[in-house]
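Dear colleague,

I am passing on a structure for you to look through, and my notes on it follow below. Please keep it open beside you as you read.

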Amino acid sequence: MEKRKLGSTGLAILPFALGGNVFGWTSREPDAYRILDSFIDAGGELIDTADAYSAWLPGHEGGESERLLGNWLERRGKRDDIIIATKVGLLPGAGGKGLQPSRIKAAVEESLRRLKTDYIDIYFAHADDPETPLEHSLEAFDLLVKEGKVRSLGASQYSAARIQESLDVARDGGLEPFRVVQPELSLVKRDAYEGDLQALCLKKDLGVITYFSLAAGFLSGKYRSLDDLGNRDRAPRVKQYLNEHGLRVLGEMDAIVAETGASHAQIALAWIMTRPGVTAPLASATSVGQLQDLMGALQLSLAPEHLARLDSASRTSIADPD
C-alpha cells in the first residue's frame, strides 16, 4: 500500500502506526525489541507513545514506554528513518500539570532524555486543558519547534471546536499550529471523529492518526461475553461494547471473515483506512505474530459491498459524513 501524506507535516507514512502503550507494560524487553524491529523491517515508520505510559500500573510512574523505546533506538543506532510521536498533558510533574507552559517545558526534556534523542517528530497535547489559555500552551509548543526539539505538533482527544480555536490562535499569534490530530475511531465508536472533526481535518489538511482502533481488543473478535474477559486489564474498557450494537458489528465481521479469510483485526483496521481524512489507524501488538496479523490489513482491500455492510452495522446515531 502506498504511503499517505501526514497532513502538512511534510511526512508520509504507511497507513498503519504502532502503538507504544504496551511497551514497559505487557510487552517488555527483549520481546518488545523484536516487535519494533519487525515493524520497521516491514516498512513501518510511526511509533506512538506518551510520557504517561504506563503510570496506571502499581509501581510505575510513567515514562516506561519512552524509556524502552529510547533503549531500542540506542541499540538500533539509526534514528532518521523512524517517526517518534509522544505526548504531554496527562502526567503531572516538574513544572506543574496539564498544558501549563512550565509543564510542557519540563516534560519535553524528560521525554527527550528517556527517548535518548535530540528531537521528537510529533509532540501531542495528550488532552485538552481548558484551565490553561490556549495561547499560553501554543506559545510553549511553538518555542519547542523553534528550538528544534520538536518538528510538528499534534492534538489528541480535542473537539472540532477546540481544534478550530487553536488554529485561529496560532494564526493570529504567528505560532506553530497543530498539524496532526488523534481522535478515537473504530467500528463501534465513530462519533468522536465523524462529523465536524472529520470535516475540519479535510478542510485544514490535518493528519489523522486514530486511537482505540480495535476498541481495546473487542474488535479482535475474542470477546463475546463477560466470561471471555476474565480478569484481563482491559476488561472494564471492553465491557462497554458487549451490547446489542457491539455484537451486531461482530456478527457482520464474522460473515466477512468467512468470505475473505482475513482476521477480525485486519477487517477493523482496513475499514478505518478507508475513512475520509484518516492517515493511519494506531494499534499495539504484544508479539511479532500479532503485529504481522495487524499489518496484514495493509494488503486487505475490502469490497464496496463489505464496506457498505460494515458501515450499516456500525452506524448508530451519528450524522452521515457523506
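The crossing of helices α1 and α11 is right-handed, in what is, please bear in mind, a predicted model. Helix α1 covers residues 31–41 and helix α11 covers residues 288–295, and the two pack with their axes 9 Å apart, at an angle of about 30°. Because angles under 35 degrees count as roughly parallel, α1 is roughly parallel to α11. On the α1 side, the residues that meet α11 are Arg 34, Ile 35, Ser 38 and Phe 39, and their partners in α11 are Val 288, Leu 291 and Met 295. Sorted by class, this contact has five nonpolar residues, one polar and one charged.

In soluble globular proteins, nonpolar side chains tend to be buried together. Here the largest nonpolar core holds 89 residues, of which Phe 16, Tyr 123, Phe 141 and Leu 219 touch the most other members; helix α10 (residues 264–273) gives the most to this core, with eight residues. Apart from it lies another core, of 13 residues, which includes Ala 17, Ile 122, Val 180 and Tyr 211. If neighbours within four places in sequence are left aside, Phe 141 is in contact with several residues, among them Val 88, Leu 99, Tyr 123 and Phe 178.

**A buried glycine**

Gly 63 is found in the loop between β4 (46–48) and α2 (64–76), and it counts as buried because its relative accessibility is 0%. Leaving aside neighbours within four places in sequence, Gly 63 is in contact with Asp 51, Tyr 53, Ser 54 and Arg 114. Gly 63 and Gly 24, though 39 residues apart in sequence, are 8.8 Å apart in space, C-alpha to C-alpha.

With best wishes

Methods: Residues numbered from 1 in each chain as written. Predicted model: local features only at pLDDT ≥ 70, side-chain atom pairs only at ≥ 80, totals over all residues. Heavy atoms only, no water. Axes fitted to C-alpha atoms, helices over the stretch in contact; angles between N-to-C directions. Helix = DSSP H or I, 4+ residues; strand = E, 2+ residues; numbered from the N terminus. Parallel < 35°, antiparallel > 145°, perpendicular 65-115°, else oblique. Left-handed = near helix turned anticlockwise from the far one by under 90°. Contact = heavy atoms within 4.5 Å. Nonpolar A, V, L, I, M, F, W, Y, C, P; charged D, E, K, R; others polar. Core = buried A, V, L, I, M, F, W, Y, C linked by side-chain atoms within 4.5 Å. Buried < 20%, exposed > 50% of the residue type's maximum accessible area, 1.4 Å probe, protein only.
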